[in-house]
Amino acid sequence: MSDGKRMFDWFALHVVRFYCLRRLTMMWLDNMISYTRRDMAHHIHAGGVASRPLLEPCFQGFVLIREVLSRCLELDITQIGSIVAIAGVLPTAWRFLRRTWDEAYAWIRHCFLASVTIPGGDPLNRSVVEWILANRPRNYRSFTGLTEVGNVGIDRAAALKKTQHPVRYCPHWDTRWLWCNGNAFLVVRSSDSHNVSLSNPNYDGIGGEELTISCFGWSAEPVKQFIKACRDYAETQTQFFVIIYSRDRYGLAWQPKARKPIRLLDTVHFDNKIKQELLADIRNYLDPRTQKRYQTRSMPYRRGYLFYGPPGTGKSSLSLAIAGEFGLDLYEVKIPSVATDADLEQMFQDIPPKCVVLLEDIDAVWMDRSNSQKNVHDGQPLPNCTLSGLLNVLDGVGSQEGRIVIMTTNRLEALDSALVRPGRIDMKVYLGNISQKSSKEMFLRMFSPDLGFKSCLDMNEIDNLATEFANQIPDDKITPSSLQGFFQQHLDSPYEAASLIGGWVKEELAKNSDKEFEVITGNENES
Ligand SMILES: Nc1ncnc2c1ncn2[C@@H]1O[C@H](COP(=O)(O)OP(=O)(O)OP(=O)(O)O)[C@@H](O)[C@H]1O
């Protein structure tokens, strides 16, 4: 049976129902009135005047209602039957209209709308949502509230109380009509995937749900243009933020995990010459002409970097700063949580070509191939994927091209030579303890008036204090992260920082020599 015939039958059935209901209600009302009249007459006849007061109020009630209805609303009481019948069929009529609309809408979509669907988690999805949120009306009133766990923002009082995390309000929407480049677009967000995203603690309110973008016409070209506009917009936004992707908790798809403000390369202090060499190398690699040159010479278009050095010397910070400097997204690969080599391969397949892939603390995963046979390394269970699985995805025949792979390690000597050979690692960058020059730069950065530090000192005085400060720090003995910790305690006064640094350095050096002593005696005991 055709849809049209089915709808006609359904409609006819409800019209018949309406007339039956109306008829029944009217009959019931008529009966009530005549019964009351008859009953009253009977009682008057039988019992005389004595029984009349008993039924009279009932009859008078009907008369009164009829009078009120006919005078005030100009309605006959018999018309109530129609009203009751209408009220009875209203929900059904509403359902009918909705069904008709759904059918008509599906038909209109089929005949007149062209659409593009973007899966949740795809970087495009995020670009479109960002555009929509940026162009929403000012008086937008529908939000989703999310507790910001782990980020206390600028509310320092709240930061001190465990229970008071700030709440972030993300604009909420399911369906939106938009106007862009002279075309109207309908964007529908799948509510199922929205609910799934909301239950993900890493969800930041942007992207993550399947989107369907439609426009009028038989060609999807306007939708593609709209998506391009969203991408261009998102690209301008990456000037300010780096988007960090990680695998979702089921390990099935990449999900945006955080949106971090760009960290400027000037804020990561290490040897300036090495920094410039590194930047020049990446710039050269990302140049489209380099890609062509690689391709014409049949060389795989890949670049790998290894940042090594003691803990807290800025390896992760440098990776983030590089992603920000070159406007790239950052994909975090956590090897210990990868189940199999096939999963690792799939993970790398799903990473887009132009991005930074970060494998942190790679030495904590495998030491060298001889050790990879053991089940436990340093008390940590070994990952389920193998070193050769990783080598394959980095440099194998099927591995993707065009991305930057950054690995970080605290122990270069512990890495398998195959992992760090040219082709997989093209440049090794050492990040060590802080030099006097870098500590002066750090001081200037902490107390620079450009960064909002208010003081009565002029730049010359701050510079002199910075020199005095740096002179008290021995070269290559203190990690930048511990020095940053010192600054965090004295952010209000450059004088205080410069006068207290000498004592602090002595304490730090004593602590470090104690640690070295423990390591030496520990090793001796082992042997
Ligand atoms: N060279 C540096 N310049 C500026 N800040 C630094 C530097 N090194 C570390 N820091 C600061 O110290 C903190 C820790 O740095 P980061 O996590 O980048 O070090 P890491 O070398 O990756 O440490 P790990 O090896 O333990 O992972 C960050 O807040 C960062 O700002």
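1. Beyond its neighbours within four places in sequence, V356 is in contact with S319, I322, A323, L328, L330, Y331, I404 and I406. The model in which these contacts are found is a predicted one.

2. V356 also belongs to the residues with the most contacts inside the largest nonpolar core, together with F307, L330, Y331, V357, L358 and I406. That core comprises 45 residues. At least two of its residues come from each of β7 (241-247), β9, α10 (315-325), β10 (329-333), α11 (341-349), β11 (355-359), α12 (387-395) and β14. Another core, of 16 residues, lies apart from this one and includes F443, A466, F469 and I478. In soluble globular proteins, nonpolar side chains tend to be buried together.

3. An open sheet of 7 strands with mixed pairing runs in the order β8-β7-β10-β11-β14-β9-β15. Its edge strands, β8 (254-261) and β15 (427-430), each pair on one side only. On average, and with direction ignored, neighbouring strands of the sheet are turned by 25 degrees against each other.

4. Within this sheet, β9 (residues 303-308) and β14 (residues 404-409) are joined by 6 bridges in the parallel sense. Opposite F307 stands T408 in β14. F307 is also one of the residues with the most contacts inside the largest nonpolar core.

5. Which residues are closest to the ligand? They are P311, G314, S317, P480 and S481, out of 16 residues that surround it. Two or more residues of this shell are given by each of α10 and α15 (480-489). By class, the shell has 11 polar, 4 nonpolar and 1 charged residues.

Definitions and conventions: Residues are numbered from 1 along each chain as its sequence is written. This is a predicted model: local features need pLDDT of at least 70, side-chain atom pairs count only at pLDDT 80 or more; totals for chains, interfaces and linings use all residues. Two strands pair if DSSP finds at least two bridges between them. Helices (H or I, at least four residues) and strands (E, at least two) are DSSP runs, numbered from the N terminus. Axes are lines fitted to C-alpha atoms, for helices over the stretch in contact, and angles run from 0 to 180 degrees between N-to-C directions. A nonpolar core is a set of buried Ala, Val, Leu, Ile, Met, Phe, Trp, Tyr and Cys residues joined through C-beta atoms within 7 Å. A residue is buried if 20 or more other C-beta atoms lie within 10 Å of its own, exposed if 12 or fewer, and partly exposed in between; C-beta atoms are placed from the backbone. Two residues are in contact if their C-beta atoms, placed from the backbone, lie within 7 Å. A residue is near a molecule or strand if its C-beta atom, placed from the backbone, lies within 6 Å of it. Ala, Val, Leu, Ile, Met, Phe, Trp, Tyr, Cys and Pro count as nonpolar, Asp, Glu, Lys and Arg as charged, and the others, Gly among them, as polar.
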